[in-house]
Amino acid sequence: MKRCTVPFFIAHRGCPHKCVFCDQVKISGSSGQLPGETDVAGKIAQYRETAGRGSLEVAFFGGSFTSLPQEVQEQLLSPLQPLMESGEVGAVRISTRPDSVDSVSAAFLKKMGVATVEVGVQSMDDDVLELSGRGYESRQVVQAVHCLKNEGLAVGAQLMPGLPGDSPAKSLDSLGSVLDMKPDFLRIYPTVVISGTLLEELYRCGSYGPMTLDGAVRLCKIMLHKCLLSDVPVIRMGLQPTNELLTDGVIVAGPYHSAFRQLIESELCFDLMAGMIGTAAPADGTTTVFCSPSRISDVIGQKKANVERLWQQFGVRLAAVRPDPLMSPQELTMVSGGRSRTGNMLHDIQYGREVIENE
Ligand code: SF4
């Protein structure tokens, strides 16, 4: 049964830092006001009505939960205890900074029923972390993940390719280091310049250049593919298009796209089809693709981009894309001229570092 998330944004609460890219209010669309006991209970009741019998997960996003004073953490988590006992709330998740986690805070979270901790890793390159004002080193990420896993908590990691001092090669190395820690899931947010941040100042004075959208798509498709191969789900790519973020002037520069994830998924589909076609394009040039129902729009691409590219690059006319519920999202079958080929993203796509080497 699908789990419904009851979100509480505690933007910047508990955070003593000022990372160069951060304006949590604009990113999350929240004032960051801490919810009181009645707010928590009221919102859960409201979500209960729409969730029906589905399980509820309470999530405290933004800010650095474990940097909050202990009594405030208790104040937020205590009202959830009877609801967890009664089964009203099935799980609790929080997000925090790596240097705010140690064995004591991990044990406290476990005791209070927290099941999942999202760690804002952002990069595993110490120069990038320093230039971004993160205030910790990569070894602290390793320690934090170790402490959380020791308590049996699920760990999510957030990465931000494109920070100051970063490069596509460094981003891939960061991803490799994070995957070595065997996280339960990832979020990947290509760095975007938000107004009012230190990053905006760096950008305006020419000290920082963001990734282009094309460059971010090229890098992130490789990152997503590596996660697929490692069997680590990526639950979000690109910033959520909140009203605050989309207000005129808030996004100053950088690879923001409201459907960034779909750009990436479409690229993977295109690369798989391109590999399957290879040099042997079908004689009559007309092809039908069969795929998992969830994949149809990825195969076609935004504004039919993949249809156009298949025609331009290979002379292949994509006549139809048909759903096949028995296929996995990683598989595509191309049928043309009575010939059928099936490819799988896990086995039939290979990205070498040369794809991003000159970025
Ligand atoms: S640690 Fe998180 S909340 Fe604090 S300034 Fe950095 S990004 Fe913002």
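In the predicted model, about 850 Å² of area is buried between domain 1 and domain 2, with carbon and sulfur atoms giving 72% of it; buried area here is the accessible area (1.4 Å probe) that two parts lose on being put together, summed over both. Lys-221, Leu-224 and Leu-228 supply 54% of the area that domain 1 buries against domain 2, more than any other three residues. The protein is divided into domain 1 (4-258) and domain 2 (264-348), bounds that come from an automatic or database domain assignment, and the contact (heavy atoms within 4.5 Å) takes 10 residues from domain 1 and nine residues from domain 2. Local features need pLDDT of at least 70 and side-chain atom pairs count only at pLDDT 80 or more, whereas totals for chains, interfaces and linings use all residues. Residues are numbered from 1 along each chain as its sequence is written, and side-chain values use heavy atoms, with hydrogens and water left out.

Two salt bridges are found across the interface of domain 1 and domain 2, a salt bridge being a side-chain nitrogen of Lys or Arg within 4 Å of a carboxyl oxygen of Asp or Glu. The side chains of Lys-221 and Asp-271 form a salt bridge at 2.7 Å, N to O.

The residues lining the second largest pocket comprise four nonpolar, six polar and five charged, where Ala, Val, Leu, Ile, Met, Phe, Trp, Tyr, Cys and Pro count as nonpolar, Asp, Glu, Lys and Arg as charged, and the others, Gly among them, as polar. Because domain 1 and domain 2 both give residues to this lining, the second largest pocket lies between them. A pocket is an open set of points on a 1 Å grid over the protein atoms alone, where a 1.4 Å probe fits, with protein on both sides within 12 Å along at least five of seven lines, and its lining residues have an atom within 4 Å of a point.
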